[in-house]
Amino acid sequence: MRCEDRGPDLLAHALGQLDAASRALVDSHLPQCSACRKERESLVATHSATQSAMQGASSLPAPADGLSRLLATLGPEIESRRSATASGAKSVSSAAPCAEFAEDVVVLALGSAESLSGARRDEVEQHAASCASCIEQLETTQLLVSATKAAANLAPAPQSLQRILERTGEPAEQGDREALPQVPEPTRPHRSRFPALTWFAPLALAAGVLIAISLTETEAPNTLPEAGIGYLHVAGRGASKQIPVGADSGRFDFAIGDEVHAGQEPFTLEVVCQPDAEAPEARDRTLAPGVARLTLAPGSRLSRADESRFTLLAGQVNVSTGPMAPGFTVDAGDLFARAKGTQFVVAAADQRLVVVVEKGVVEMGRRGADATSQELTAGEQGLVTADRLLRRAADGTSRGDAFLAPRAALTGAARVGPGSDAEFSAELNVGLAGPVDIASFDASLPLFLVRLKGPDGRERQVKLQPSMLRGERPHAADEGRTLRLTAESPYELRFALPGADLGPGRWEARLRYMSYRAQSDGAEWLGVVESAPLVFEVEGE
Amino acid sequence: MSSTDRDQNVLLMERLGQGDQSALEELYERWSRPLVNFLYGMCRDRTFAEDLMQDVFVKVWRAAPRYKPLAKFSTWLFHIARNHWLNEREKKLRRIRPVSMDGGGRKNDNGARLRDAIPADTRSPGDLTLDRELADRIDGAVAQLPEKYRDVWLLGASQGLPYEQVSQILGIPVGTVKSRMFQAVRKLRESLAPYAEGV
């Protein structure tokens with residue numbers, strides 16, 4: 001076997017998955033081949049790293065309410081089986097597997113039992129009486145049969161062929177014309193001796209029809225999915241499945257108590273909150289009165305509390321509303337954001353609510369014993385927690401989720417000569433409510449990372465070790481693992497990357513750092529922030 | 001899994017066949033997490049994976065009266081799960097697209113981009129952040145794998161099942177499992193190569 005074909009065996013050997021003979025072959029080859037040893041090592045390293053990552057931090061937990069939903073779904077069946085067992089009834093396990101009966105159960109449901117032999121019919125009927133899955137199949141098929149039979153039996157109008165031929169301009173075959181029914185000529189109108197009564201009957205009929213329509217017509221569903229895929233969880237259905245809804249599925253009712261979840265992509269829906277809303281003289285109207293357009297970020301969840309009040313259960317929702325009173329509200333626990341014809345983004349996580357206002361005015365606050373609120377106007381963002389309510393100018397790069405983290409502006413030369421270093425500088429300004437600590441990424445103490453994207457489109461990440469940083473450093477704490485920034489002392493750092501290592505072409509660089517705010521009872525994690533990208537060109541020789 | 005664990009699964013299935021709710025709860029406790037992760041690896045949609053997982057347990061419950069331990073319980077269980085996913089995926093409204101390596105990845109499953117307070121984990125925030133980012137990258141790289149390689153990787157690496165068992169679940173020869181696992185790891189190695197340790 002050639003070495004370049006040994007890859008599968010090398011990996012399987014490392015994982016202990018080879019049979020004895022194959023293992024012996026690899027065992028005898030490896031001491032003689034450094035290339036295969038190196039390849040085996042590389043494959044194992046990738047396998048281990050990816051396996052650890054998938055089994056660790058990113059492993060999904062089971063859903064918290066999964067067991068209760070399952071038990072609710074199976075409740076009657078559990079009881080039925082338990083009773084059957086207790087009474088000593090013959091277990092279904094004595095019957096053949098359902099696969100053997102599935103087709104004949106459908107025959108029963110179609111009412112064609114006579115097509116089965118007598119013995120077989122008895123066997124299927126006996127099995128279907130005690131097998132839960134076959135009972136379900138029987139009932140489902142019977143429902144489908146009933147629905148099909150109840151559907152209107154439409155026949156084409158007699159003049160259909162003539163109309164089609166006229167529209168297509170195709171001359172009809174002689175035989176076709178002869179097949180058309182003869183339409184009688186209109187007769188002369190009959191003149192009534194009581195002209196008023198002539199009109200009364202049709203008007204009365206029309207009025208009756210209109211009254212009947214107004215009494216029986218149900219309101220159109222209040223929500224239109226516009227983009228993406230979401231899931232509607234209808235209140236009170238307990239453990240039933242969530243219903244997928246998307247742009248292809250048409251309108252649906254988002255009723256009070258229901259929940260909507262976004263799938264893997266942003267999910268946009270337009271919700272009618274107030275069908276009878278009047279249009280005041282709004283100075284900033286984005287949508288029709290009483291209508292809200294909501295875009296849920298992937299994985300976000302929203303429930304409806306009343307006509308114009310929603311609860312953000314998880315994630316982020318972008319809200320755009322037409323004028324409505326008393327105002328469109330998004331709650332997260334005791335925290336809320338309320339708008340009356342505006343566009344804003346609200347994100348919630350644990351005990352924080354962050355709002356970024358794009359248009360109009362948003363009131364943001366908290367309820368309860370320490371109730372308070374503040375109005376944010378377009379171009380502002382705010383954060384509310386149990387003990388803080390902060391407000392600042394919105395920054396387009398942060399999108400509200402790095403509200404308190406220090407901001408950095410990365411600058412550098414637009415062109416780097418061949419063989420020269422690429423010089424950069426960045427100024428970090430602490431956000432509101434400092435001081436803020438910049439934390440190192442790992443034990444090798446890099447306080448900053450530079451994310452680079454090269455001309456080939458591939459990404460690299462460079463750790464900036466303390467020795468690579470120039471400029472006066474702010475106060476270092478925790479044996480140099482952190483830097484402390486205060487409002488009075490922004491940090492200006494400088495560093496260089498060798499141009500020779502970057503290669504010629506167009507590059508994009510972003511500075512990354514992590515920060516947290518020390519508190520007396522621990523720390524508030526502010527997250528990882530990136531600067532806006534800096535584009536530069538490295539010249540070739 | 002030890003023979004004791006294997007026997008335990010068989011015993012639980014016997015009890016399940018007699019209507020023992022506690023057996024269902026115990027099976028759920030044992031297998032819900034591996035199943036939801038396996039199904040998520042297949043469909044790349046957490047909500048859908050949770051629904052599929054529920055369906056699998058319903059199938060397990062209904063099959064319990066006629067269950068016979070002809071193969072390992074996990075083989076049988078993952079076989080059911082994979083077949084259910086293959087049947088159900090046609091019902092989704094749109095084709096699942098792989099997670100973007102630059103996009104939210106799993107960190108968006110909960111929607112929030114705000115960070116928690118520093119967790120009680122003794123690792124540094126840096127380690128936690130890099131772990132999470134690496135997991136996102138790997139998640140994206142796995143999503144980009146061709147389906148036949150991803151299936152083998154999910155069962156063999158993510159779930160840690162031996163090649164023999166993977167071959168039984170997927171209905172393919174062991175040699176094919178070996179070859180596809182190698183291809184999966186090779187592609188993951190290529191996808192994750194761009195990170196450099198410093199200049």
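Colleague: In which strand of chain A is A:R484 found?

Modeller: A:R484 is found in strand 24 (residues 482–485) of chain A, a strand being a DSSP run of E of at least two residues, whereas a helix is a run of H or I of at least four, both numbered from the N terminus. The model is predicted: local features need pLDDT of at least 70, side-chain atom pairs count only at pLDDT 80 or more, and totals for chains, interfaces and linings use all residues. Residues are numbered from 1 along each chain as its sequence is written, chains are lettered from A and ligands numbered from 1 in the order in which they are written, and side-chain values use heavy atoms, with hydrogens and water left out.

Colleague: Why does A:R484 count as partly exposed?

Modeller: Buried means under 20% relative accessible area, exposed means over 50%, and partly exposed lies in between (1.4 Å probe, protein chains only). A:R484 has 31% relative accessibility, and therefore counts as partly exposed. Its C-alpha atom is separated by 6.3 Å from that of A:I438, 46 residues apart along the chain.

Colleague: What makes A:D387 count as exposed?

Modeller: The value for A:D387 is 61% relative accessibility, which places the residue in the exposed class. A:D387 lies in the loop between strand 15 (380–384) and strand 16 (389–393) of chain A.

Colleague: How many helices and strands does each chain have?

Modeller: Chain A has 11 helices and 28 strands. Chain B has 8 helices and 0 strands, giving the pattern α-α-α-α-α-α-α-α along its sequence. Buried residues make up 41% of the 541 residues in chain A; for chain B the figure is 54% of 199 residues.

Colleague: Which residues touch the most other members of the largest nonpolar core?

Modeller: A nonpolar core is a set of buried Ala, Val, Leu, Ile, Met, Phe, Trp, Tyr and Cys residues joined through side-chain atoms within 4.5 Å. The largest core has 73 residues, and B:L16, B:L27, B:L39 and B:W153 touch the most other members. Helix 2 (residues 21–43) of chain B supplies the largest share, 12 residues. A second, separate core of 34 residues includes A:V245, A:F267, A:A292 and A:V362. In soluble globular proteins, nonpolar side chains tend to be buried together.

Colleague: What does B:L16 touch, not counting residues up to four places away in sequence?

Modeller: With contact meaning heavy atoms within 4.5 Å, B:L16 touches A:R81, B:A23, B:L24, B:L27, B:V60, B:W61 and B:A64.

Colleague: What makes A:R81 a charge that sits over the ring of B:W61?

Modeller: A charge sits over a ring if NZ of Lys or CZ of Arg is within 6 Å of the ring centre and within 35 degrees of the ring normal. The charged end of A:R81 is 3.7 Å from the centre of the B:W61 ring. The charged end of A:R304 likewise sits over the ring of A:F254, 5.9 Å from its centre.

Colleague: Why is the pair of A:F424 and A:F536 called edge-to-face?

Modeller: Rings of Phe, Tyr and Trp (its six-membered ring) pair if their centres lie within 6.5 Å; planes under 30 degrees apart count as stacked, over 60 as edge-to-face and the rest as tilted. The rings of A:F424 and A:F536 have centres 5.3 Å apart and planes at 75°, so the pair is edge-to-face. The pair links strand 19 (residues 421–429) of chain A to strand 28 (residues 534–538), 112 residues apart. A:F424, at 4% relative accessibility, counts as buried, and A:F536 counts as buried at 1%.

Colleague: Why is the pair of B:W31 and B:F73 called tilted?

Modeller: The centres of these rings are 5.6 Å apart and the planes are at 55°, so the pair is tilted. B:W31 is in helix 2 and B:F73 in helix 4 (residues 73–88) of chain B, 42 residues apart. Both B:W31 and B:F73 are buried. Ring pairs link B:W31, B:F38, B:Y67, B:F73, B:W76 and B:F78 into a cluster.
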